[in-house]
Amino acid sequence: MSEGVPRTPHIDETIHALPHHDEKPSLPSFDEDKKSVQGETSVKVDDAEEFYDIASGKPLAPIEGPAEPHQLTARALVIGCGLGCLVAASNVYLGLKTGFTFGASLFGAIFGFAIAKALAKVTPHFIPTWLGGGYFGPKENVTIQTAATAAGSMSGLYVAAVPAMYQLGVMGDPSKDFGKLITFCLVQAYFGVFFAIPLRKYYILKQKVYLIFPTPTATALTIHSLHQPHGEEAAQRKVKWLGWSFIGALLLRVLSSGAPGILWDWHIFWWLWTWGWNHKGIAQAESWGWLIELTPAFFGNGLLVGLNPSYSFFGGSVLAWAIIGPLINGQVAFSSPSGLGPAFANFQSMSKLDDPVNRPSPRYWLLWPGVLLMLVASFVEIFMNGKMILSALRNAGASMWNAVAPRLGKRTVGPQVNYEDEDPTTPEERVPLWAWIGGLLAAIILTCVVMGVAFDVGVGLTILALVMGFIFAFIGIESSGRTDVNPLTACAKASQLVFGGVTKNNYSTDHALRVNLLAGSIASSAASHSVDMIGDLRTGHLLGVSPYSQFIAQCVASIVGCFISTGLAIVFFTAYPCIITGDECKQFSAPSVAAWVAVAKAVVLPHLPVPPSSGYTAIGLSVAAAITIVAKHTIVPERYRGWVPNWNAIGLAFVVPQPYYSVAMIIGSTMAYFWKRRNPSSFDAIAFSLAAGMIAGEGIGGVINAAVTIGGGKWEDVGSAVGCPGNKYCG
């Protein structure tokens, strides 16, 4: 998630469930100025009223039970990859539709426990333990979670940079590009994984007191609690809620296509218009997209993210699509007919703009303030933590050098501390030096080959992209470890800015656009996978899991995830060609794709394609955002920072042209707020499971609808238009 939207679902990025930011944080954070961990650090971890100090960073107490001879089993890989692919499928749908995706860490831990526990009871005793026979324990559970995280994270490429390349005409037919896309997915994933391994000593062993890693720590605590004597009962309850919410959301998404005006979209203002309320404001509200969508995914998102991000997102929607949009329409931005009558209009067009600078659509005009807001907010957050990040970069670099220097006959640097003395794993359980060094070198070489052969990008530019990914990984790990926020928006857009400067006037426009999108994707994705690997290693460290087992699980699941995500992306591109053509797309607005396209054009094209009034507005809002963020870090007391507007969420609302998503989110977050206040134990027990099932269910329902479309099925031929504007099918 971009910093400033703590673990909020975000453009190009991932939802994580904890903590709720409108409440006292459930996990503590490190205060750089006070050099201490702030917040409650002790949590109950078992039925014996024992408490664990999160701030210590030490492994949890071992759970009583049989020994686990094999932490890495075929059972764990199959279950983990399966769950990760389920998340990847949901993320391709949700990412293309809204720019939002969600992570598989807690989903894989909980659902994986239920599946593996059930299998362990029925598996014959003669099945070897390495294959998945016998006892299922917490360490194998971590392997499942690691595989699920790896496979589920491969979808990000296909909801942002890849569709942007097709929209800009720098790639051809997706069905013919399957091999290119698979290899591109794999090389960027493996560079990040191999690079993360040597950072374990620094970030997991040395920095364990300062870096909390909230979501990975919450995952470890969840797995630990599930394997307690009474954990199975709690797990069954979680899985029950997850399963029923998943099935309900899936059925609603599929069946609502038969009657979208009743079961999915409530066009309340259209209904009022047809009932005789023929006021101009009624027509305008319908035209600007103010309706209620019964989207389980965004109700679920609201349950997870808390009041600040969701209400900031809603506030941004009001500012963009209820205040600024109506003010500029007809003045500096221009709508087109909607087909519903003279009182209604279409404000959403992004294609067929003959003169986007002088006669933009309102959506095109609002895109630029949104993109700049997110970029500035992200960079200011990084700047305010710059001292911390530079220190970490220097120390982690020294730690990596010291790991290989003795074998090269070179001197080490800095104070020598043997962190292996504090490592709960045995030497045999750690990733061998040859594995990560050899893998890293192979990943670098293969990335250069793939970029050169498949995409005509030179070795120098590829190496620059990998170096930027290396730097961004440190920023992402530091930020995620302290705040549970991964600043991918800043990383992606920063890389696009750098490559825009490098390629401008040196390459043809098409070549420069291709380099910009490919290199930006490599840099941000490599950093993202590094953050995922370090987070998984934190979970494993707390439960005494072999890093080598997690490393292998990550590598295997990355292959599976790349194939599944690529295949699913091609399914959606085939079913809905508007995703890759850039034409107006009713089903998928792909806001993150629009952001990537906008930045690529801005830094590559000879003339900035920004309407002047839009640019001035973007600068003004960005200045306000920067001042607010600086004030938050310098003069606003800690207890009041939850009331500071989240400018990343506000900027995102300008880019997402469907304000009804923010309406659904505030409904979910408001319900979560009162639910948690009224019955915190019930909320903690089932809220995540309920939300995860709703999100995943809608995503898989969307995949089914896409498959039906490819198969020639058309809901509009058999569905009802009742409740739809103009009595025209609106599914």
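## Helix packing and loop residues

Analyst: Happy to! α5 and α19 are oblique to each other, a term for angles that are not under 35 degrees (roughly parallel), over 145 (roughly antiparallel) or 65 to 115 (roughly perpendicular). This is a predicted model, in which local features need pLDDT of at least 70, side-chain atom pairs count only at pLDDT 80 or more, and totals for chains, interfaces and linings use all residues. Residues are numbered from 1 along each chain as its sequence is written, and side-chain values use heavy atoms, leaving out hydrogens and water.

User: At what angle do helix α5 and helix α19 pack?

Analyst: Helices here are DSSP runs (H or I, at least four residues), and strands are E runs of at least two, numbered from the N terminus. The axes are lines fitted to C-alpha atoms over the stretch in contact, with angles from 0 to 180 degrees between N-to-C directions. For α5 (residues 178-196) and α19 (residues 509-542), the axes are 7 Å apart and the angle is about 45 degrees.

User: Which residues of α19 make the contact with α5?

Analyst: Contact means heavy atoms within 4.5 Å. On the α5 side, F184, Q188, A189, F191, G192, V193, F195 and A196 take part. Their partners on α19 are L518, S521, I522, S525, A526, H529, S530, M533 and I534.

User: How far apart are the end C-alpha atoms of helix α2?

Analyst: The expected span is 1.5 Å times one less than the number of residues. Helix α2 (residues 105-122) has 18 residues, so it should span 26 Å; the model agrees, with its end C-alpha atoms separated by 26 Å.

User: How many of the 15 residues of α3 are buried?

Analyst: Buried means under 20% relative accessible area, exposed over 50%, and partly exposed in between (1.4 Å probe, protein chains only). α3 is largely enclosed by the rest of the structure, because its buried residues number 14 of the 15.

User: Is N727 buried or exposed?

Analyst: N727 lies in the segment after α27 (715-718). Its phi is positive, about 55 degrees, although N727 is not a glycine. With a relative accessibility of 63%, N727 counts as exposed.

User: What separates the C-alpha atoms of P62 and P138?

Analyst: P62 sits in the loop between β5 (51-53) and α1. Along the chain, P62 and P138 are 76 residues apart, while their C-alpha atoms are separated by 9.5 Å.
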